[in-house]
Amino acid sequence: AEFVTLKTGLWKDFYVDWLTLSEPVNIHVTYYEHLKTDPVGEMEKILHYLKLPIDNKRLQCVASNTDGLFKRKPSKNVPLDFNPFTRELKDIVYNAISEVDSALIKTGKKGLPLDKYELYDPWEAKVVKQLQTAKQN
């Protein structure tokens, strides 16, 4: 619980601070999930943002090398047959995700790709947000 609380807070603060304390035009956001599904398209966006020329040979190299030796070896651990996140920990994580997502949208960026998050339940997140709002009122 202590680890999740600490790391979630650090993650949220880092991104919210970057988004709110910088000019939005000075920030380009790239999502890991988009890099996995469209590495060439995402690299083109990065190159465009950095005002660098597009080298089609290098982009072809990116397209043909999406897997590599850098991958972790499969875990020998047995998969968990339970969810280690308590209701309270889920609330902390969902609230942090909501804050980062809101900060992205407020600065004109695309929101988090929540539909690609394996352990994210939009209905559950909505309930958490409603309960949080009710608690504040």
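Q: Which residues does Tyr-120 touch, not counting residues up to four places away in sequence?
A: Tyr-120 touches Tyr-94, Ile-97, Leu-114 and Ala-125, a contact being heavy atoms within 4.5 Å. This is a predicted model: local features need pLDDT of at least 70, side-chain atom pairs count only at pLDDT 80 or more, and totals for chains, interfaces and linings use all residues. Residues are numbered from 1 along each chain as its sequence is written, and side-chain values use heavy atoms, with hydrogens and water left out.

Q: How many residues has the largest nonpolar core?
A: That core has 15 residues, and Tyr-120 is among those with the most contacts inside it. Such a core is a set of buried Ala, Val, Leu, Ile, Met, Phe, Trp, Tyr and Cys residues joined through side-chain atoms within 4.5 Å. Buried means under 20% relative accessible area, exposed over 50%, and partly exposed in between (1.4 Å probe, protein chains only).

Q: Which element gives the largest share of this core?
A: Helix α5 does, with five residues. Helices (H or I, at least four residues) are DSSP runs, numbered from the N terminus.

Q: And Arg-87: where does it lie?
A: Arg-87 lies in α5 and counts as partly exposed, at 38% relative accessibility.

Q: What does its side chain make a polar contact with?
A: The partner is the side chain of Glu-124, at 2.9 Å. A polar contact is a pair of N or O atoms within 3.5 Å; within protein, one must be able to donate a hydrogen and the other to accept it, and residues adjacent in sequence count only if both atoms are side-chain atoms.

Q: Turning to α1, which residues are buried?
A: They are Val-4, Thr-8, Lys-12, Val-16 and Leu-19.

Definitions and conventions: Helices (H or I, at least four residues) and strands (E, at least two) are DSSP runs, numbered from the N terminus.
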